[in-house]
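Here is a short report for a first look at a protein structure. Keep the sequence and the 3D view open while reading.

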Amino acid sequence: MAPKKKKARQQRPLENEILDPEIVLKEVRRCKALLEKQKPIDESTVDLSAYRVVKEMTGDKVAKEIHDLFLKCAESILAGNSFKFDVPSRAAGNQHYVPELDRIVLKQNTSERSFANVSQVRKTAIMTRVLSLVHEVTTKGIHVTKRDLFYTDVKLFKKQEESDAVLDDAACMIGCPRSCLNVVAADKGLVVGRLQFREDGDLIDCTRMGVTGKAIPAYIDKISEIRSDAEFVLLVEKDAAYNRLAEDRFYNQFPCILITGKGQPDVATRMFLSRLKQELKIPVLAFVDSDPYGLKILSVYMSGSKAMSYDSASLTTPDIKWLGLRPSDLDAYALPDQCRLPMTQKDIDMGKQLLKEEFVLKNPAWVRELERMLQTKQKAEIQALSAFGFQFVTKVYLPRKLRQGDWI
């Protein structure tokens, strides 16, 4: 009698099977289909009467609002009084998380900034100067950078942080997004992959912009005709990981759009991502460090920053999926001990603070990941995955996570 054949031991799927786009993207396409059926939130059903809501304005409208503010100041001076501005408070106590909208908004409290008050005279002077400069650029229909604005009066502003902060106060007081002031930050974010759009009439193809792609333009209002055959957007926290994915042309093998804000994102990157999600209706998956600050950066994209809560409507992208690097991945992928870092006390404090935030508490899976991080007191950066090979992220980690639908 012929000997019985031994039952073949189950083997790990071959690499070419893992990298087959039809298999890898099955769960992504399911997520995309659900997103396409999802109805947008009707903000008219949410009572925002107790909150400060800004509205898009043309340059002429912004200039008129500033003109009216200055007219009131002139009338007050002619009446023998000083002048003042009622500036909306952007303090933490004047902010509120609205779960129906999944974003932070600003309440109605204001603080008085008076030229007659010795302790406020300089800030009032800065506000007056910033408003006059914004009036000039909006009247002329041109854009300037925040750095340009600072250098118009270095002796008064002293530090750019001061003119930047007053610029946000001015936008909030006028009642418009900061982008409507025609003062922008220098380019920071990058985009590459399956995306085309027109920028001030010029066609931009993000598959033909070199290895690292296109700088996300500061003038989001000049972007039109957005087109894409991407299945998803991959939001990458750091430019080092983004560069690896871009050089490996990850977006060609798995049709997607790669975006990075190079750490803490600027306004243009946040607005750009929000617009892509709204117009393309494709999932946004986040690839961030496994530490409290990675999740904090993700929260800025999703729910907004407290400093700019007045403009959260145009800056937030709700329902971003946390793909990786998650605390549970450290053991799931057997990340070597030498690639794990001990959490500092500052990290631990930040993690505990995040566990109190409503946008985290509403997602039990996020809570479990954060609790695991705080329990192990270990963190890891995306680059730690390079311990398995420099292309491990593009050839194994991300394809496997996508194939398994392993996001929360």
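The notes below cover the nonpolar cores, one cysteine and one hairpin.

## The model

This is a predicted model. Residue numbers start from 1 along the chain.

## Nonpolar cores

Start inside the protein. The largest nonpolar core has 81 residues. Leu195, Ile257, Ile259 and Phe272 have the most contacts inside this core. A second, separate core has 38 residues. Among its members are Leu25, Leu190, Cys256 and Leu323.

Now take Ile259. Leaving out residues up to four places away in sequence, Ile259 touches a list of residues that includes Leu190, Val191, Ile216 and Val233. Tyr242, Thr269 and Phe272 are also among its contacts. In soluble globular proteins, nonpolar side chains tend to be buried together.

## Cys339

Where does Cys339 lie? Cys339 is in the loop between α14 (327–332) and β17 (341–342). Is Cys339 buried or exposed? Cys339 counts as buried because its relative accessibility is 18%, and buried means under 20%.

Which residues does Cys339 touch, beyond those up to four places away in sequence? They are Ala380, Ala384 and Ala387. Ala380 is 41 residues from Cys339 along the chain. Their C-alpha atoms are separated by 6.9 Å.

Strand β3 covers residues 95–98, and strand β4 covers residues 103–107. The two strands pair in the antiparallel sense, over four bridges. In one of these pairings, His96 has Val105 in β4 as its bridge partner.

Four residues lie between β3 and β4 in this hairpin. Asp102 sits in the turn, with a positive phi of about 55 degrees.

Key
This is a predicted model: local features need pLDDT of at least 70, side-chain atom pairs count only at pLDDT 80 or more; totals for chains, interfaces and linings use all residues. Side-chain values use heavy atoms; hydrogens and water are left out. Buried means under 20% relative accessible area, exposed over 50%, partly exposed in between (1.4 Å probe, protein chains only). Contact means heavy atoms within 4.5 Å. A nonpolar core is a set of buried Ala, Val, Leu, Ile, Met, Phe, Trp, Tyr and Cys residues joined through side-chain atoms within 4.5 Å. Two strands pair if DSSP finds at least two bridges between them.
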